[in-house]
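Subject: The model you asked about

Hello,

Here is the structure, with my notes below it.

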Amino acid sequence: FDLPILHAVHAMARAGLDKVFLLASALGYIWGVVPIDVILVLFLALRRRMREGLFAGISIVGSLLLNLAAKYAFARARPSLWQSISPAETTYSFPSGHAMGSMTLAWVVVLLCWYPRTRWGWGWRWPTTIFAVLFVLLVGLSRIYLGVHYPSDILAGWAAASVWVVGVYGLVFYGTLK
C-alpha cells in the first residue's frame, strides 16, 4: 500500500500545499514538538507535579530512544521516488521520528488532561484531544507529502508511540487512578 499512497499524495502537490506541509513538518519536530516537550517537563517540575513530570519525561525520552533503536534495527532507506522539497534527511526511514514524536507529545498532553486528579485539565479535555488528533494527522501527512517517509513508517511511529506512552502511563499512575 505504500507506493500507491505516496504517488496519490504526490499528485496533489501544489506550491501553496508545499508551504503548509513544510511548516507542519517543522512544527512536528524541531520548531514545535521538541521545544514543547522541554517546556512541558520543566513546567510540571516547577509546579512540583512530580508524578506527571516523571510520566512526561520518561514518555518523551523513552520514545526518542525507542525510535533511534528501531531506525538502526530496521535500517530502511527513505523513499526516493522524486526530489523532495524537504531539508535533507540523514537518518533511516522506519519508523518516522516526526510521527512518533508528535504522537508521543499528543498522548502525554491528552492523558494529563484526562488524568482524574488534574483539575486544571478538565475544561481542556475535548479541545486538547481534538487538536492533538488533527496535529498528529497533519504531521504524518506532511511526511508522506514531502516524500521522506512511506505511509507504513508513519503508522509504525504512531503505533510505537501509542503503546509506549500508554504503557508508561499505566506504570507511573498504577494504583493512583481512583
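One definition before the findings: two residues are in contact when heavy atoms of theirs lie within 4.5 Å. Helices here are DSSP runs (H or I, at least four residues; strands are E, at least two), numbered from the N terminus. Buried means under 20% relative accessible area, exposed means over 50%, and partly exposed is in between, using a 1.4 Å probe and protein chains only.

This is a predicted model, in which local features need pLDDT of at least 70 and side-chain atom pairs count only at pLDDT 80 or more, while totals for chains, interfaces and linings use all residues. Residues are numbered from 1 along each chain as its sequence is written, and side-chain values use heavy atoms, with hydrogens and water left out.

I would start with α6, which covers residues 125-145.

The buried residues of α6 include Arg125, Thr128, Thr129, Ala132, Phe135 and Val136. Further along, Val139, Gly140, Ser142, Arg143, Ile144 and Tyr145 are buried as well. What covers them includes α1 (2-10), α2 (15-27), α3 (33-46), α5 and α7 (151-173). Pro127 also sits in α6, but this proline is partly exposed at 44% relative accessibility. Pro127 and Val110 are 17 residues apart in sequence, and their C-alpha atoms are 9.7 Å apart in space. After α6 comes Gly147, with a positive phi near 75 degrees.

How α5 packs on α6

Two packed helices are described by the angle between their axes and the distance between the axes. For α5 and α6, the axes come within 9 Å and cross at roughly 175 degrees. That makes α5 roughly antiparallel to α6. The axes are lines fitted to C-alpha atoms, for helices over the stretch in contact, and angles run from 0 to 180 degrees between N-to-C directions. Angles under 35 degrees count as roughly parallel, over 145 as roughly antiparallel, 65 to 115 as roughly perpendicular, and the rest as oblique.

From α5, the residues meeting α6 include His98, Ser102, Met103, Ala106, Val109 and Trp114. Their partners in α6 include Trp126, Thr129, Phe135, Val139 and Arg143. By class, this contact has eleven nonpolar, four polar and two charged residues. Here Ala, Val, Leu, Ile, Met, Phe, Trp, Tyr, Cys and Pro count as nonpolar, Asp, Glu, Lys and Arg as charged, and the others, Gly among them, as polar.

Ser25 lies in α2 and is buried, at 6% relative accessibility.

Ser86 lies in the loop between α4 and α5 and is buried, with a relative accessible area of 11%. With residues up to four places away again left out, Ser86 touches Leu22, Arg143, Leu146 and Val148.

Backbone points to check

Most residues other than glycine have a negative phi, and most peptide bonds are trans. A cis peptide bond joins Phe94 and Pro95, with omega about -10 degrees. Pro95 is in the loop between α4 (50-74) and α5 (97-114) and is buried, with a relative accessible area of 4%. Leaving aside neighbours within four places in sequence, Pro95 is in contact with residues including Asn67, Ala70, Lys71 and Met100. Asp153, Ala156 and Gly157 are also in contact with Pro95.

Arg48 is not a glycine, yet has a positive phi of about 60 degrees. Arg48 is found in the loop between α3 and α4 and is exposed, with a relative accessible area of 66%. Ala75 has a positive phi too, near 50 degrees. Ala75 is in the loop between α4 and α5 and is partly exposed, at 37% relative accessible area.

Best wishes

Note on methods. Expected span 1.5 Å × (residues − 1).
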